[in-house]
Amino acid sequence: MAPYRARAGAGSRATARGAASRRRRRLLALLLAPWTIGVVVFFGYPLVSIIYLSFTHYDLLSAPRWIGAANYAYMFRGDQQLGQAVRNTLWVLCILVPCQVLFSFGIGLLLSRARRGVGLLRTVFYLPSLTPLVAAAMGFLYVFNPGTGPLNRILGAVGVDGPPWYTSPGWAKPSLTVLAVWGSGNLIVIFLAALLQVPRDLYEAADLDGAGPLARLRHVTLPVISPVVLFAIVTTVIDGLQYFDQAYVVSSLGNGGAKLDDGVLGYPEGSTLFYPLWLYQQGFRYFNMGYASALAVVMLLVALGISSAILLRSRSFVHQTGGTGR
Amino acid sequence: MRRRILAGTLAVLLAATGCASRPGNERPAPFDPHRSTDLTVWNGWNGREAAAFHSVVADFTRLHPNVHVSIVDGVDDSTIMTSIRGGYPPDVAAIGSTTTMGTYCSTGAFRDLTGYLRRDHVTTRYAPVIRTLLDFHGTQCVMPGGVDTFGLYYNTDLFAKAGVRRPPRTWSEFVADAKKLTTYNKDGSIRTLGFDPLFSFQQNTAIHWSPSFGASLYDDRGNSALASDPGWRDMFTAQRELVRAIGYQKLQRFQSGLGAEMSSSNAFQAGRVAMQFDGEWRTAFIADQAAHLAYDTATLPVADDDAGTYGAGFVDTGVFGIPQGAKEPGAGWELVKYLTQTRAAQVKFYGALGNVPSLPSAATDPAFTKRPHFGTFVDIMNNPDSGSGTPTTLGRADKDALDQFAERWQAGRVPDLTAGLRGLARQIDDLTRNANPP
């Protein structure tokens, strides 16, 4: 009887373990439910809707009508503005993003070395990122106004003929870069935190080996903070692909217009028409939501592609510390 | 098959969440003045203009004490569209121009008003250009409110100083006057500009200039007329000559130093430019912000070989519509009728706004005809040669494409105008095809 009882005991223990495991799974599911619902409702459903809408003609008012790949065909063959929007966005990725990352890294480096007034300096550099983007853009439009703004007056007082800034197609994007760099407080704080985490003994060892400042930066600082650099690059690139707010304000108000919704986006001469602006214009000003959805899908794929490429390439420059690599 | 199932499921999902339209009954809804009715009205006005609207709506509610009107100001097109799509639209929507009218009418987002007009015997004989604007492929889904017309403002002091006796009537007179009125600083920069010919400067848009050259956006078959209508070529050539005469870079530099359009430092109000194309509302701004400015108004100069059309100009109108899904369309129509068909209401409201009333009997009121400098704009509205931006399902996409082309052209980035216009026409036809797939 004993073996039988023993088997019965093992069975009941197994049953009890199974019940406990089911309870644990149910609890896990319950705890995860808010997140799951959020992801499904606010990410999954919109994503699936956008993909579906990109294959339809949808004007926001009548029911979406299936038109196959016509929106994609128009994107690649018929849309004459798209090329300019893509070129402008590439400019953001190739010029604005590196400027922003390098500036933030540079300021972070300086702040990490500062001896006096550290708190004040950190506040000064972080403060711009607290300014609402639209307000900051409007402020810059005023300060950089070539005729009435204070900047060109100051430049004029020291004998420099200030450029036309946001009103010239050649200067509009560099001026936007200045605005973006000015508002890089978040990135500066991230770099600063990483730089302060670099172990001092590594620098001391480098000093003993006779390393100069550049060698220390190259062989100690950069390898140690390389995961943070990677994070900064990926997030800034994604932000660059979605570059909208400041460009929208400058596009709308750069020509002296009174309202944000007036005039043609992209002023002057389409130089500030970035991909997200063109997407917004198609969806919410031309009510061509089917085509705007197709543009959004392509943007998503491009963002995924670029991020994946950077992450794959990062293995060669991101320093891995500790662990087995698993 | 799977794709169809997926498409069907998603369409049902989208429809369930309110993304699809609800085709409505186009029969005119009755209005019972004895029943207590709550009416919601959305409009795009703010501040002083919104206060004037509230006042005229209050007059309506005094006539119909059982109608309780709730007004929401400062609402834009996309909000109205979202509300219609979501199934919670206002009973009446006021829109500032006819630019997006085509979208509202073609999708049935605004009710077709033909039945209401017939039932209530509304047979107003609007100015020809307003009649053209209201007709959308044989239907009418909006009623006209205040009309915007564009004319020439000129500084009489600067005219006298330069020895110019009267406003120019033809383009060659205009160019000669603009040059004569332009003065330069010692370093060669512009001190006072006769006329700023750059497109994208305030109300300087190609479409606003087009009636002066008899240019139309579309031909009779609905195709873009930008390449086929010689008026466009004449207009762009004339504009470029004036830009060249002064210098593109000089103009840009001068322009970038001017005050904002709607501020008291507006270039014309500040005496920085002697002539300016602008809407009728500028008279109210000048009265408010630059009362001592010596100026007058005239119609826009026309092409030399088209001198007979002098007096015409660009016209657009604000409109009222009753959205599909409105809970009280009958009472909504009653309010729209009051706002658009009652002389007193139009005189009061558009007198306060400084717009030209669309109702012919109101437009002849001394409040407008005797108002200083304002008669010009009433005449422009009534001129049979006046033109407008044809409302289409493209909304503003065609005008935006035209403006972008105009900016490239004036900067010298379009080497061959004929080829450029052909490309632009193709672009607009492509936009039309994409907006109206088979």
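**Close-up 1. Helix 2 and helix 14 of chain B are roughly antiparallel to each other (an angle over 145 degrees).** In this predicted model, where local features need pLDDT of at least 70, side-chain atom pairs count only at pLDDT 80 or more, and totals for chains, interfaces and linings use all residues, the axes of helix 2 (residues 47-63) and helix 14 (residues 343-353) of chain B come within 9 Å and cross at roughly 170 degrees. Residues are numbered from 1 along each chain as its sequence is written, and chains are lettered from A and ligands numbered from 1 in the order in which they are written. Helices are DSSP runs of H or I with at least four residues, numbered from the N terminus, and axes are lines fitted to C-alpha atoms over the stretch in contact, with angles running from 0 to 180 degrees between N-to-C directions. B:Glu49, B:Ala52, B:Phe53, B:Val56 and B:Asp59 in helix 2 of chain B meet B:Ala345, B:Lys348, B:Phe349, B:Ala352 and B:Leu353 in helix 14 of chain B, contact being C-beta atoms, placed from the backbone, within 7 Å.

**Close-up 2. Helix 5 of chain A meets helix 11 of chain A.** The axes of helix 5 (residues 133-143) and helix 11 (residues 245-253) of chain A come within 8 Å and cross at roughly 45 degrees. Among the residues in contact are A:Val134, A:Ala137 and A:Leu141 of helix 5, and A:Gln246, A:Val249 and A:Leu253 of helix 11.

**Close-up 3. Chain A touches chain B.** Here 40 residues of chain A are in contact with 42 residues of chain B, and helix 1 of chain A gives the largest share of the chain A side, 3 residues.

Conventions:
Helix = DSSP H or I, 4+ residues; strand = E, 2+ residues; numbered from the N terminus. Contact = placed C-beta atoms within 7 Å. Parallel < 35°, antiparallel > 145°, perpendicular 65-115°, else oblique.
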